[in-house]
Structures are given as C-alpha cells and as structure tokens.
Amino acid sequence: MDWSTVIDSLPGYAEPLLVTIQVTVMASALALVVAFALGLATSSKHLVVRTPARAFVELIRGSSVVVQLFWFAYAMPILLGIQFNFQILVGVIALALNYGAYSSEVVRGAIAAVPKGQLEAATALNFTTFQKMRLVVLPQAWPEMIPSLCSFAIMLLKASALVSMIGIADITFWADTLGGRPGQSPLPHLTVILVIYFVLAWLIWTGMRWLENKAKQSVGVAKPRKLKADPNADALGGVVEKSSTTQRRGGVK
Amino acid sequence: MLSPTTDTDPIIRFDRVNKSFGDLDVLKGLSFEIGAGERVTLIGPSGSGKTTILRLLMTLELVTPVKDPDDNGGVIWVEGKPYSHMEKGGKLHVASERYLRQRRQKVGMVFQQFNLFPNMKVLRNVTEAQVHTLKRSKEEAESKARELLDLVGLSDKVDNYPNQLSGGQQQRVAIARALAMDPDILLLDEVTSALDPELVADVLGVLRDVADTTNITMLIVTHEMGFARDVSNRVMMFDQGVIVEEDTPDKIFSDPQEVRTQDFLRAVLAE
C-alpha cells in the first residue's frame with residue numbers, strides 16, 4: 001500500500017468534504033423541519049390532518065432510501081417534470097424526507113410523553129392550543145427528543161454517502177474515484193473516509209450533547225456545578241421546606 | 001326554557017347533569033347550586049364523582065349531552081349563564097371550544113399533582129398565563145406574581161425551577177398561579193393528597209389565608225376533615241354520583257344523618 005500517494009491526495013478531499021458537510025447539514029436542518037411538521041401532524045386530534053401525515057410517514061419508512069434517491073433524481077423529472085438545477089438539492093431533499101419521516105416518530109413520541117396534567121394545567125390557565133404547544137409541550141418534549149435526533153443525525157451523515165450514487169462528488173465519491181484509478185488500491189482511500197466519517201460523527205455527537213445539556217438546564221435539570229450559584233439549590237426537599245416555612249409565617253403576619 | 005340572568009342567581013348551578021365514561025355513569029342527573037362566595041367541600045368515597053364535578057367546571061371533561069337540554073337539563077350554569085352549553089337561536093347547544101375558552105377565564109384550579117410547568121422558573125409559572133391570556137403587561141404580571149408568592153411564603157424562590165422545590169412549596173406556587181388569574185371560582189382537587197404529612201399544614205395554612213381574605217367561591221375536594229370543617233360553609237356527601245347528604249360542616253361531622261355518611265366519616269377518621 002502506497003501511503004505517500006494517499007497523503008499527497010489528502011488536500012484533494014477538502015472540496016468533497018465540504019460537499020459531505022453541506023449535504024449533511026442542509027439535509028439535517030430540513031429533516032428537522034419535516035420531523036416537526038409530520039410529528040405535530042401525526043399528533044393532531046383531527047383525522048384529516050393525522051391520516052395523510054401518517055400515510056406519508058409509512059410510505060417513506062416502508063421504502064428504501066436508495067430507491068427514493070434514484071426516484072427523486074431520475075423518475076421525478078420524467079413523471080412530474082420537476083428538474084432541480086443542482087443535483088445536490090436532490091440528495092438533500094431525499095435524505096431529509098427519509099430521515100424527517102423517521103424522526104417524526106421521535107417528535108410524536110416526545111409530545112405524547114408530556115404528562116397529561118401539564119395540558120390540563122394549561123387549559124385551567126386558559127392557554128390556546130397553540131400557546132399550550134409553544135409554551136408548555138414543546139419546551140418539555142424537546143430535551144427528550146435530542147438523544148434520538150442525535151442518532152438520526154449521525155445515521156444521516158453516514159447515509160449521505162449514498163448521494164455519490166447519483167453523481168454528487170462527496171468524500172465517498174472521491175475515495176471511490178481515486179481508489180479506482182489504475183495502480184491504486186481502494187483500501188487506503190476507504191480508510192481515509194472512514195476516519196473522516198468517524199470524526200464528523202463525533203462532532204455531531206459532541207454538539208448534540210452540548211445541546212442536550214442546554215435543553216435540560218432549561219427545564220431545571222442542570223448539572224450540579226450550574227447550581228452552585230444558588231446557595232439554596234443544593235438543599236432540596238424538606239430542608240428547603242423548613243426554612244421557607246419559617247419565612248412564610250413571618251411574612252403572612 | 002332558558003333561565004333569565006338575575007342578581008340572585010347562584011354562581012354555579014348543576015341542572016340534572018350527566019357524565020359517563022363509556023358504560024360507567026359517574027354522574028346521574030346531578031343537580032345542586034352554589035352561591036357566590038360560598039365554600040363547599042365535597043366528600044365521599046373514591047369514584048363517587050367529586051373530582052369529576054371539579055373537572056367539568058374546569059372544562060377538562062365535557063358533560064354527556066342530553067337530548068333537548070332546554071327541557072331536559074344536563075347543563076351547567078355559571079354566573080347565570082349556560083357554561084357547558086351555549087345559546088344559539090334561543091336554544092342551548094353543546095359549547096364550542098371557543099365559547100369554553102371565553103367562559104373558563106373566571107375559574108381556576110389547583111391540582112393534586114401541582115402540575116407546575118417544569119420548563120419555567122417559579123416566577124414565570126405565575127406570570128405566563130397572566131401575560132398570554134389576561135394580556136397583562138410583563139411588569140404588572142410580575143408585580144402580581146411577587147405579591148402572591150410573598151403571600152404563600154415563597155418570595156425567595158422566584159428564580160428556582162419547580163423541581164428544585166419540595167412538594168409543599170410546589171403546591172403553594174400552584175395556588176399562587178391560580179390566584180394570579182383573579183378567579184371568581186377556585187377548584188381545589190385533593191391538593192394535599194400527594195404531600196408528605198409534615199408539608200400538609202403549610203398548604204392548608206395558605207388556603208385558610210385565602211379563604212379568610214378573599215370572597216372567592218371555593219369548591220374543595222379533600223380528605224382533610226379538619227380543614228373542611230374550618231373553611232367550608234357547606235359539606236356535600238357524594239356516593240355513586242348523587243348527593244347523599246348536605247349540611248353545615250358542624251352538622252355533617254358531628255351528627256351525620258345517613259348511614260353512608262356515617263360509614264365514610266368513620267373510615268376516613270380511622271385513617
């Protein structure tokens with residue numbers, strides 16, 4: 001194996017790496033929008049909203065992402081006359097719809113897991129349906145969604161390799177091209193992209209951990225070091241109760 | 001026929017109200033009236049329909065519709081106007097969500113499980129609905145919230161999240177949150193049942209203060225008989241969705257007439 005050739009070829013990975021990052025970031029962002037739209041729609045109590053959303057989710061989940069990718073790239077332009085100017089958009093949309101449909105179940109599940117009492121309290125305070133969702137349900141459901149959404153984001157990164165099949169020059173496409181040249185072995189190039197995918201996945205994972213921690217702080221489940229600023233915060237339960245009881249008696253007099 | 005609104009109307013009137021869950025009839029043609037400013041305690045074994053009455057008043061449950069409610073009842077009236085139903089073309093129809101939203105504004109509820117919003121700090125728990133549903137300014141809502149949190153003895157906890165408070169403290173915040181909406185009617189659903197015994201007294205102390213210093217109509221479901229005796233003007237004993245007996249707390253607790261009331265009180269007091 002000629003590693004010096006591989007090392008020499010590394011700068012050439014910069015542009016394909018940017019393509020992989022672009023596809024992953026754009027598809028993840030769009031997938032999140034799709035996930036929330038479908039997750040909210042499948043949580044709806046109105047059948048006319050719920051049924052088409054459910055059907056769409058099942059259709060997407062029940063078919064192969066590779067087939068969808070080819071369908072968007074080659075069948076849709078013929079059948080519907082829709083032609084995207086940039087092939088990268090085809091890859092982004094196909095991946096976003098696929099992972100958005102899967103992730104919508106995470107959104108739906110997290111919404112369903114918010115205790116019923118929270119909605120009842122929101123009704124007692126006369127919030128509208130929209131206010132209940134925006135102020136009460138989604139802020140509580142969001143931290144629950146993050147770990148699963150993180151897994152889907154990493155899966156989407158890895159699935160982004162499939163866009164090489166419709167001619168998008170991402171790192172997989174590039175490794176395949178370089179490794180297929182006469183006198184070259186594909187193995188070192190595949191090893192390079194293996195490391196790149198791993199590093200990218202690790203970055204996503206680290207970012208999501210940070211996001212999860214931030215989200216948990218927003219529902220009061222902060223790490224102990226965050227609580228040190230509040231001298232009473234470590235004295236939970238009955239201990240706090242006793243001190244404030246004394247104060248209440250003083251205050252009401 | 002629709003009842004005309006007069007000053008002498010009771011604040012709450014149940015007119016032959018039915019409520020079923022599937023095959024289970026919880027309330028069967030229940031009728032009673034509650035005057036403005038009255039404090040009424042509902043007692044009775046579990047499954048007797050007490051909590052259902054509060055949930056119907058909070059519109060968390062809807063009455064089971066009856067054919068031709070103008071003649072056959074099945075309607076809850078609040079402040080002299082239909083509450084579970086609305087008038088349309090001179091007739092009563094089951095209320096729409098929009099109508100319920102407009103009418104439930106003056107009703108507040110404190111829950112057994114507190115149901116504070118864990119994603120909001122204590123102050124925001126008490127201000128959020130004032131801002132969003134009463135359209136008060138943020139400053140006005142905060143001032144009101146601080147005043148009420150002071151009343152419940154938690155002015156030093158405004159920046160804590162609910163899960164940093166004990167159950168008793170959470171329930172006191174929930175009381176402040178309900179009072180911040182200036183309700184005419186306050187529903188208290190077993191507000192001390194989820195608390196450790198040593199925390200019950202503080203919550204009841206706050207409610208006694210509220211009862212002493214306001215004229216809010218209160219409907220209380222509780223197993224705290226001492227509290228019921230102190231605070232309420234009237235006690236209603238329920239069993240299987242009907243009122244078995246009702247009277248002043250003194251009469252009910254010292255000289256209950258019905259066997260079912262006697263049995264229930266004996267069982268509760270023996271706990």
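Reader: Let me start with a pair of helices: at what angle do α4 of chain A and α5(A) pack, and how far apart are their axes?
Author: Bearing in mind that this is a predicted model, helix α4 of chain A, residues 65-79, packs against α5(A) at an angle of about 140°, and the two axes are 9 Å apart. The two helices are therefore oblique to each other, and α4(A) passes α5(A) in a right-handed crossing.

Reader: Which residues meet there, in α4(A) and in α5(A)?
Author: From α4(A) come A:Val65, A:Gln68, A:Leu69, A:Phe72 and A:Ala73, and they meet A:Gln87, A:Val90, A:Gly91, A:Ile93, A:Ala94 and A:Asn98 in α5(A). Sorted by class, the residues of this contact are 7 nonpolar and 4 polar, with no charged ones.

Reader: And what about α3 of chain A, at what angle does that helix pack with α5 of chain A?
Author: Helix α3 of chain A, residues 47-61, and helix α5 of chain A, residues 87-112, pack at an angle of about 120°, with 9 Å between their axes. That angle makes α3(A) oblique to α5(A). The crossing of α3(A) past α5(A) is left-handed.

Reader: Which residues of α3(A) and α5(A) make the contact?
Author: On the α3(A) side they are A:Phe56, A:Val57, A:Ile60 and A:Arg61, while α5(A) brings A:Leu97, A:Asn98, A:Ala101, A:Tyr102 and A:Ser104. Divided by class, the contact of α3(A) with α5(A) has 6 nonpolar, 2 polar and 1 charged residue.

Reader: What does A:Ser104 touch, leaving out residues up to four places away in sequence?
Author: With those left out, A:Ser104 touches A:Val34, A:Ala35, A:Leu38, A:Gly39, A:Thr42 and A:Val57. The C-alpha atoms of A:Ser104 and A:Phe36 are 6.1 Å apart in space, although these two residues are 68 apart in sequence.

Reader: Now another helix pair, α2 and α8 of chain A: how are those two arranged?
Author: Helix α2 of chain A, residues 14-43, and helix α8 of chain A, residues 171-179, pack at an angle of about 145°, and their axes lie 8 Å apart. The contact is formed by A:Pro16, A:Leu17 and A:Thr20 from α2(A) together with A:Ile171, A:Phe173 and A:Trp174 from α8(A). By class, that contact of α2(A) with α8(A) holds 5 nonpolar residues and 1 polar residue, and no charged ones.

Reader: How many helices and strands does chain A have?
Author: Chain A has 11 helices and 0 strands. Of its 253 residues, 33% count as buried. Among contacts in chain A between residues at least 6 apart in sequence, 74% join residues at least 24 apart.

Reader: And how many helices and strands are there in chain B?
Author: Chain B has 10 helices and 12 strands, and buried residues account for 48% of its 271 residues. The C-alpha trace of chain B spans about 55 × 50 × 35 Å along its principal axes. A compact globule of 271 residues would have a radius of gyration near 18 Å, and the 19 Å of chain B agrees with that.

Reader: Which residues are buried in α1(B)?
Author: Helix α1 of chain B, residues 50-57, is mostly covered, with 6 of its 8 residues buried. The buried ones are B:Lys50, B:Thr52, B:Ile53, B:Leu54, B:Leu56 and B:Leu57. After α1(B) comes B:Thr59, which has a positive phi, near 60°.

Reader: Last topic, the two chains together: how many residues does each of chain A and chain B give to the contact?
Author: Chain A gives 29 residues and chain B gives 38. On the side of chain A that touches chain B, the elements giving two or more residues are α6, α7 and α11 of chain A, and α11(A) supplies the largest share, 9 residues. By class, that side of chain A has 12 nonpolar, 14 polar and 3 charged residues.

Definitions and conventions: Residues numbered from 1 in each chain as written. Chains lettered and ligands numbered in written order. Predicted model: local features only at pLDDT ≥ 70, side-chain atom pairs only at ≥ 80, totals over all residues. Helix = DSSP H or I, 4+ residues; strand = E, 2+ residues; numbered from the N terminus. Rg over C-alpha atoms; globule rule 2.2 N^0.38 Å. Buried ≥ 20, exposed ≤ 12 C-beta atoms within 10 Å, placed from the backbone. Axes fitted to C-alpha atoms, helices over the stretch in contact; angles between N-to-C directions. Parallel < 35°, antiparallel > 145°, perpendicular 65-115°, else oblique. Left-handed = near helix turned anticlockwise from the far one by under 90°. Contact = placed C-beta atoms within 7 Å. Nonpolar A, V, L, I, M, F, W, Y, C, P; charged D, E, K, R; others polar.
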